[in-house]
Amino acid sequence: MPALSTVLATALGRHSRFAGVQPAALEKLPQKGIAHIHLRVHGFDFDGHRPLLRVPKLSQFALSPKNNLIHQAACFSRAADSGHCPRLHDVLPPSAELPMGVLIVDEIAGVPIDPSQHMSAVAQCLAQVHALPMPPPAARPPLADHGDPVAGIMAFIEEQAQFVAPSVADPEARREIIDELDWARRFAAKAAGQIQPRSLVLTDTHPGNYLIDEKAQAWFVDLEKALYGSPAVDLAHASLFTSTTWDIAANGELSAAQVRQFYADYLALLPAEKSAALRPWLLALRRLTWLRTTTWSCKWAARTHAVQAARQKTEPLSEEETILQRHIENRLVNFTVLSTVQRCRAEWLGPDRLDLEAI
């Protein structure tokens with residue numbers, strides 16, 4: 001089978017904006033996640049940005065290759081007007097040589113963020129995305145539209161909750177997670193039908209999905225899971241301990257004071273009416289977002305790891321991919337360690353609980 005750069009150069013060569021492109025112009029970037037390969041294209045300029053090829057390896061929503069491209073293209077297109085997300089230029093459809101197709105987007109010139117230094121820039125990025133106007137309901141697909149954001153996140157949690165018992169060996173940690181599930185179900189029943197702020201949200205907003213440029217602007221670059229829902233979920237996932245320790249390069253622990261400052265920076269960027277409407281939901285959605293992440297780690301332990309192990313028998317991992325996978329495995333195991341569970345729950349149950357409504 002030809003090298004990926006050769007296959008991509010051939011496919012790009014049929015595109016009017018890439019006439020004459022050669023395989024040597026394509027540079028594979030270091031592996032950041034499990035779902036995509038990224039290659040920059042040297043020698044071409046799209047209005048001040050070098051083009052970047054985003055090559056899916058799998059769909060994290062189990063979509064068909066065609067629908068996965070349509071969904072990701074919509075994510076990029078909807079978020080680009082924020083000025084904090086890459087523009088989408090085109091897609092190469094799935095083919096025999098490129099079974100998952102390709103997205104052509106702007107490469108953002110930047111470095112991984114440092115959660116201890118750059119959360120104010122992240123707040124600005126999210127505020128700009130959340131300020132985008134909501135399209136009419138008929139124009140929101142293929143992105144999911146959570147008319148009730150609590151019910152929307154609970155759907156993920158309930159689907160994943162079945163994996164808690166078989167995946168969490170420590171009975172005390174398991175009991176605490178089940179206590180959170182009990183609270184979440186009561187809260188969801190109470191919140192049903194209540195109006196709360198909604199917007200385009202990015203969903204997978206952990207620090208590893210941003211780059212910071214030379215002007216100290218944060219860019220969100222992994223647009224795969226956007227939907228219409230609660231902005232509070234993005235704020236939570238950007239700043240929870242399980243998120244800020246997820247990525248190898250963008251890694252750090254935020255103090256309670258730093259978390260409060262992050263929320264304060266974000267709320268200061270909103271119109272007063274919108275920030276007032278959002279405040280009562282911040283801590284509860286932070287709690288639900290932690291539970292979504294934690295139950296997802298249980299599902300991964302029970303199901304996804306076995307699938308990946310089987311795949312590696314036919315597709316051996318490179319050294320870079322092996323290091324990344326080991327890091328992911330270690331972090332996901334840590335999510336359900338009792339000390340981590342208690343550390344996170346202390347934000348809403350402990351004597352020093354975060355009072356986000358008072359910010």
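Look at strand S3: Pro51, Leu53 and Val55 point one way, Leu52, Arg54 and Pro56 point the other way, and all are buried. Here, buried means under 20% relative accessible area, with exposed being over 50% and partly exposed in between (1.4 Å probe, protein chains only). In a regular strand, side chains alternate between the two faces of the sheet. S3 covers residues 51–56, and six of its six residues are buried. Strands (E, at least two residues) and helices (H or I, at least four) are DSSP runs, numbered from the N terminus.

A quick word on the source: this is a predicted model, where local features need pLDDT of at least 70 and side-chain atom pairs count only at pLDDT 80 or more, while totals for chains, interfaces and linings use all residues. Residues are numbered from 1 along each chain as its sequence is written, and side-chain values use heavy atoms, leaving out hydrogens and water.

| Partner of S3 | Bridges | Sense |
|---|---|---|
| S2 (residues 36–41) | five bridges | antiparallel |
| S5 (residues 102–106) | four bridges | antiparallel |

Over in S5, Val105 sits opposite Leu52, and Ile104 faces Leu53.

Zooming out, five strands make an open sheet with antiparallel pairing, in the order S1-S2-S3-S5-S4. S1 (26–28) and S4 (88–92) each have a single partner strand, so one side of each is left without a neighbour in the sheet.

Helix H2 (residues 65–79) packs on this sheet and touches S2, S3, S4 and S5; contact means heavy atoms within 4.5 Å.

Definitions and conventions. Two strands pair if DSSP finds at least two bridges between them. Axes are lines fitted to C-alpha atoms, for helices over the stretch in contact, and angles run from 0 to 180 degrees between N-to-C directions.
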